[in-house]
Every structure is written in structure tokens, then in C-alpha cells.
Amino acid sequence: MTAGQRTETGIRPWVRAALRCGAVLAAAALSLPMATAAYAAPEPGPSIGVSAGADPLAAAKATLGPMLDRLHQLYQEAEAATEQYNTAVAQQAAQQQLVDDLRARLVSQQTAVDAGVEIAAQLAAAQYRNGRASDLADLMLAENPYQAVVIAQLLDAAGRSQKAFLDRLTSDRATLVELRSQAELALARAGVLATQQEAAKTDVAKRLTAVEDMVASLTGAQRSELEALERQQADEAQLAFLASGALGKGERTPSAAGRQAVAYALKQLGKDYVWGGAGPNVFDCSGLTSQAWLHAGVPIPRTSQVQWAQLKHVPLNQIRPGDLIVYFGGATHIAMYIGGGLIVQAPHTGDVVKVSKIGAMPILGAVRPDPDAAGDDKGGQWKVPDVKVGEVKIAPAKPTTIPPRPTPPTVPTPPATGTPSGSPTGTPSAPGTPSTPGTPSVPGTPSVPGTPSGTGTPSAADSPSTVGSRSASASVAATSPSSAAPTEQ
């Protein structure tokens, strides 16, 4: 073994102990910062990132969701009141037509009765003048038997003819009395319908006022958030509807009239929604659908409820362009299907005629105005119109498209403390007396905008402010015979 080797193996004990101690201290020194860092590390805080699938409108839903629900409710209430008004207008128009028909029949029947009475008077005068000559004397004065037989036959025929005439006159008089009775009932019914129309108009004004007050209370930022929220809800509802398979697969071919109805409806895009409107410049929901089909040569009822009640129901998986989609439980809204899961509609006050997604609102069902018409294969395969889906719009209506605010009822003014001796105490003054409720204020035949006439010519009346403000009863009572005029209620 060499000297070097002996030196390494022969390390003195104290040196070996010192080396061990240094190693322990070095290890402790190296481990101290690490332990301090672990102790001082802060607790992990919440993440500020947005996870996948988060709802960016969650805050808007929490704050503005109830407000949007309330606005939708107000829109539906206003639409329901509008359709009720449209029903009253249509009923009064039909009643007015009945009154006019009865009046014409009364005039004709009165003329026939007057002519019959005049002829009867002439016959009576002739009988009076010839009363002394008997039928037997006429026979005896005949020159020959043949002539006597002929005279007898003529006398018999004259007697039969005179009796038939008198029977006819009696029947005409009875018919005249019946027509007068019918005219009185029709006039009374017209007065009732005029009152109902005015009440419906007041209800529309009340509902639209609530809508306008709420929309006007929103800031611009709130409207934008509500529109974004409504757009999101519509997209989600459309996806759910399409995923359900309720619409079926493929595009069906419309009828020839259906093509025309869709074309007419799409030409109205951008025109204002106005309650009671049926073209040519403004529309409500049923005004658009009824006028579209009227221009296609198929008159249909004016209101959404009657369209739903009277037109042929079809399954959603069998609908074709031109069919009408009815919404909400009360059938208070209606639109026209154009294919591709899209509809054209007049939505609500403050909006315009536009294309929307079929599933954005709760669907009640579908109806077909021309169920007996086959698909128009000659017109070619149906191609969904290249139109843009309309933007969601929450805005105040134009002042010219809404009725005036309802006027509160007049309250009688109590008498002053120092009532003059000539005035009875406690009698309200005349200016404070409320007008008789339900009495139409303006006489005249009502103008009914958009009521299909069956001739294919639409109504040109646009302004709803003139609709329903005129009474049918005053007009008919002024032109009807005095014997047929009832006492106004």
C-alpha cells in the first residue's frame, strides 16, 4: 500500500466528524428557502376566465328577463284586444249589410203592396159600378149557348184571378210586416255591435298604452339587451322545434294560390304593424294573412281566431308554403309559412312586417285556406325565398299608428257650499254629467279596413283611427222607413 492510500483511509476521526456536520448544515441551508416559499404561497383564488358554454346574457336574464316576459305578455294582450276589435268590426259590417238588404227589400215590398192596394181599389170600384148585374143575367143575355158557355168560363176565370190577386196582396202585406220586424231587430243588433266595437277600441287603446309606457321607460342600453335576450330565446326555441322533428322533412310544393299569397305577403316587408290594419300600407297579423289570400283569389275570415276556427287544420309535418301558422293558446297571433322553417308576419306594435323563425313562439297549429287545391307542380319545385330574417325590434310605435289614450270618465262636480237660493242643493252641474255609456257618438256607416269583400279588391283604408268610430244604427235609422225605425237604446 502506498503513502497516499494510507492517508485517505487513515483519516482522523475528528476530521470525518467535521465533514459530516458540514454536510448536514449545507443540506439544512439548501432546504430552508424552499420551506419558506411553500409557507408563504397564497391560497388559489377564483378563476376570471369564461369557461366553454357559459351564457354571456346570464346577467341580462337575471335583471331583464322578467321585464321581457312582461313585455311579451303586454304584446299578446294588445294583439288579443286587436283581434277582438277586428271581430267586432267584421260582425258590424255583416250586420250593416243585412240591414241594407232588409231596407232594399222593404222598399220593394212596400212598392208591391202599394200597387196591389191601388189595383184592389179599382176592382172594388168596378164591382160597385156593376153590382146590379148578376152573372145569371149575363148568361141569359147571351145570343147563343156557345156564347153563354164562354161568358161563364170568363167569369169563372176572372173570379179565380181576382181571388188569387187578393191572396197575393194579403201575403205581400204579411211579408211587409215581417220585414219591418226583422229590420227593427237588425237595427237593434247593429246598435249593440257598435257599442261592442267602441268598447273593443277602448280596450285596444288601454293595452297599447301599457305597451308604450313600458317601452318608453326603457333606456337605449336596456332595449339593446332585451333585443339580444329575445334573439337568443328565439334561436333556442327554433333549434328545439327543429330538433323535435315536428316540421317533417323536405319542402312541399304550394298550391298556385299559395304561391300568389306568399308573393303578396313578401311584398309587404318593412311596412308598419298597425292594429286593425289590412293594407295597403299598414297591417296587423290577420290583416296581412287575409289580404294575402284575398289577392290570391281565396277570401278567408278576417281575424286569427276565426281563421283558426273555420279553416282546414293540417299537421305541422304536412304544411306547405302559404299555410297559416297559429300561435298561443287563444289563437291571438297568426303568420304565413314560406318554407325552410320560416314565416312572414306582422309581429306587434312598434315593429314591421318581416320574416321570422317558425318556432320562435308557441305554436297552436296550422290551417290551410285552400285544402282542396293540389300542389302546383307546373310552377316548379318550391325554392325558399332568399330573404333575410328580420331583426328583433323593441321600440315605441309611431304616434300615427296607435289610438289616443283612453279618456277617464267624467266625475260629477259636487255643489259649492254657498249654493244660490235659486239652485237646488246637491244637484250636480250640467257640464259634469257623464254621457250615456255605449251610445255611438258619430253617425254614419262604419268603414271596415281590410274586411274581405269576396271580389278580390282589398280595402284602401289605412288609418285605424277612423275605424269603428262611426255608428251603423244612426245611418240605417236615418234611411229606413219611419215605420221600421226602432227606439235607440
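This is a predicted model: local features need pLDDT of at least 70, side-chain atom pairs count only at pLDDT 80 or more; totals for chains, interfaces and linings use all residues.

User: Okay, how many helices and strands does the chain have?
Analyst: The chain has 10 helices and 8 strands. Those are DSSP runs numbered from the N terminus: helices are H or I with at least four residues, strands are E with at least two.

User: And what percentage of the residues count as buried?
Analyst: Of the 489 residues, 36% do. Buried means under 20% relative accessible area, exposed is over 50%, and partly exposed is in between (1.4 Å probe, protein chains only).

User: Which aromatic pair is there?
Analyst: The structure holds 1 aromatic pair. Tyr85 and Trp275 form it edge-to-face, with 4.9 Å centre to centre and 70° between the planes. For the cut-offs: rings of Phe, Tyr and Trp (its six-membered ring) pair if their centres lie within 6.5 Å, and planes under 30 degrees apart count as stacked, over 60 as edge-to-face and the rest as tilted.

User: Why does that pair tie together parts that are apart in sequence?
Analyst: Tyr85 lies in helix α3 (residues 58-129) and Trp275 in the loop between α7 (256-267) and α8 (285-295), so the pair ties together parts that are 190 residues apart in sequence.

User: Are those two buried or exposed?
Analyst: Both Tyr85 and Trp275 are buried.

User: You mentioned α8. How many of its residues are buried?
Analyst: 10 of its 11 residues are buried, so α8 counts as mostly covered under the cut-off for buried. Among them are Cys285, Leu288, Trp293 and Leu294. Just after α8, Gly297 takes a positive phi of about 90°.

User: What about α6, how far does that helix reach?
Analyst: Helix α6 (residues 220-244) has 25 residues and reaches 36 Å from its first C-alpha to its last, close to the 36 Å expected. The expected span is 1.5 Å times one less than the number of residues. Its buried residues include Leu226, Leu229, Ala234 and Phe241.

User: Switching to strands: which way do β3 and β4 run?
Analyst: Strand β3 (residues 333-339) and β4 run antiparallel, joined by 3 bridges. Two strands pair if DSSP finds at least two bridges between them. Tyr337 has Ile343 in β4 as its bridge partner. There are 2 residues between the strands of this hairpin, where Gly340 takes a positive phi near 65°.

User: What does β4 pair with besides that?
Analyst: β4 also pairs with strand β5 (residues 354-357), again antiparallel, over 4 bridges. There, Leu342 stands opposite Lys357 in β5.

User: And which residues cover the two sides of β4?
Analyst: In β4 (residues 342-345), Leu342 and Val344 sit on one side and Ile343 and Gln345 on the other; they are all buried, and both faces of the strand are covered. In general, side chains in a regular strand alternate between the two faces of the sheet.

User: Last one: where does Asp370 lie?
Analyst: Asp370 lies in the loop between β6 (363-368) and β7 (442-443). Asp370 is buried, with a relative accessible area of 9%.

User: What does the side chain of Asp370 make a polar contact with?
Analyst: With the side chain of Ser255, at 2.4 Å. A polar contact is a pair of N or O atoms within 3.5 Å; within protein, one must be able to donate a hydrogen and the other to accept it, and residues adjacent in sequence count only if both atoms are side-chain atoms.

Terms used. Residues are numbered from 1 along each chain as its sequence is written. Side-chain values use heavy atoms; hydrogens and water are left out.
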